[in-house]
Amino acid sequence: MIKNRLGLKIWISFTLIIILIYILMAFMNINSIRNFFTEEIYKALDDAQNYVINNDINMHDMMMGNQIRGFQNIRNVQHVIIDNYGNISSYKMMGNRNLEYNKFFYKIWDKIQKNDYSNFGYLNNENNKIYYKISRIKEGYLISFTPDTYKKELEFSLFRRLLIGALISSIIVFFISYILSRYLTVPILKLEKTVSKISKRQWEEEVKVKRNDEIGDLANSIELLRKRLIENDDSQQKSLQYISHELKTPLMVIRSYTQSIRDGIFPKGNLQNTLNVIDEEMDIMEKRVRDLIYYSKLDFISKNQKEKSIYNISRIAFEVSKRFENMNENIKWIFEAKDINFLTNEEQIIVLFENIYENQIRYTKTFIKTLIDEDKDNIFIIVENDGEKIKEENETFLFDAFYKGNKGKFGLGLSLVYRIVKLYGGTISIYNSYNGVKYDIKIKK
């Protein structure tokens, strides 16, 4: 099936529109042009007749046909005198057109007799028109007249020039529209090929269309889409790596310990201790799966915000910290917080502090300090520990999903924290402090 190319449509449409405009202009102006030439003829008749009258041309000689050639010099205007009895002056200089003009003079005289005439007018005579002006003089009536041959010649000359101009303009427009269609369609065709490649997951090639118009905006959007698809693909690959790494180890431990129990062997000395190890590995698996599900769920939450209620953020943080205290009795927990109530989703805030404290307890040495304060518009959360400082090369990747930390652990913790903070229009920064590492979070109320 032959495609209707956009460039061809633009090319043909643009050319046809211009041609149509020329045709409409011609039809709209044709009567105006003809009226203009008619007025010019009447003006020539008036000028010629005024020349005869104002220059004291001898009317008797004129009636005899002696001087008529001397003043037939204004656009082929000719003159005759019809006396009061209907006699016509000599017009032998008209040659073989005498018979034609005879009929014209008789019609004029008939109008004069019937008093049915105006100063200016025209009569259809044989195959053409004769324009005239009648003036009353003492010898009778001075008739100045001219056929429309000159008018037709002018009209034909003008229309011929207009036609030539229209043809030249059409050719110019034809080429301009071709260039314009190429200018518009070439980048679109390029984008079409790029999108086709992207649909086949061939997104390595950058979209390069440097234009400051809608096509340029479209190209930028496609380039942004390409980058997002690459990011999503990379995230999927990391997700698979995370799942295989984080779930494979506890599954192997559980399987190994289970098989040992079946064989009557207790790797941890007795049945209870061995079952405790299996239980701990189950908890690890549950936490990893829960984080992964919640991470995926945040995309939906960001577009369909859950129902919120008034909660005390300090109380939530304190309760979460208490659950982590038992994990390492050598860590001192310092908690300084105002009672701050604000509209939020409790589950999100719990996940926020769970992942903060899980990351803190993994790296701290002796203490974890939490400060919570507020002003009119924001809530400020500072969590600090005295653990190992962050390496400079790792600072850029702290909030990336599935990023492997200093201790070789993959995780979603900080990525979840970052995305939850962003849900509340807040900011988060993690940096090295004097004692260790500090988390600085600001959440809008």
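**Figure 1. Burial across the protein chain.** Buried residues make up 38% of the 445 residues. Buried means under 20% relative accessible area, exposed means over 50%, and partly exposed lies in between (1.4 Å probe, protein chains only). This is a predicted model: local features need pLDDT of at least 70, side-chain atom pairs count only at pLDDT 80 or more, and totals for chains, interfaces and linings use all residues. Residues are numbered from 1 along each chain as its sequence is written, and side-chain values use heavy atoms, with hydrogens and water left out. The chain has nine helices and 13 strands. These are DSSP runs, numbered from the N terminus: helices are H or I with at least four residues, strands are E with at least two.

**Figure 2. The largest nonpolar core.** This core holds 38 residues. A nonpolar core is a set of buried Ala, Val, Leu, Ile, Met, Phe, Trp, Tyr and Cys residues joined through side-chain atoms within 4.5 Å. Among the residues that touch the most other members are L352, F353 and I356. Helix α8 gives the largest share, seven residues. Which residues does F353 contact, leaving aside neighbours within four places in sequence? They are I313, A317, V320, I372 and I381. Contact means heavy atoms within 4.5 Å.

**Figure 3. A nonpolar patch on the surface.** L8, I12, L16, I19, I23 and F27 form this patch, with about 570 Å² of accessible area together. Areas come from the Shrake-Rupley method with a 1.4 Å probe; for residues, only the protein chains shown count as cover. Patch residues have over 30% relative accessible area and no salt bridge; like charges are joined within 9 Å, nonpolar side chains (Val, Leu, Ile, Met, Phe, Trp, Tyr) within 5 Å. L16 sits in helix α1 (residues 6-54). L16 counts as exposed because its relative accessibility is 53%.

Figure 4. K43 and D47 pair through their side chains (3.3 Å, N to O). A salt bridge is a side-chain nitrogen of Lys or Arg within 4 Å of a carboxyl oxygen of Asp or Glu. Both residues lie in α1, four residues apart, about one turn of the helix. K43 is partly exposed at 47% relative accessibility.

**Figure 5. A salt bridge with a buried partner.** E223 bridges to K227, with the closest N and O atoms 4.0 Å apart. Is E223 buried or exposed? E223 counts as buried, because its relative accessibility is 8%. K227 is partly exposed at 42%. Salt bridges that share partners join E223, R226 and K227 into one network.
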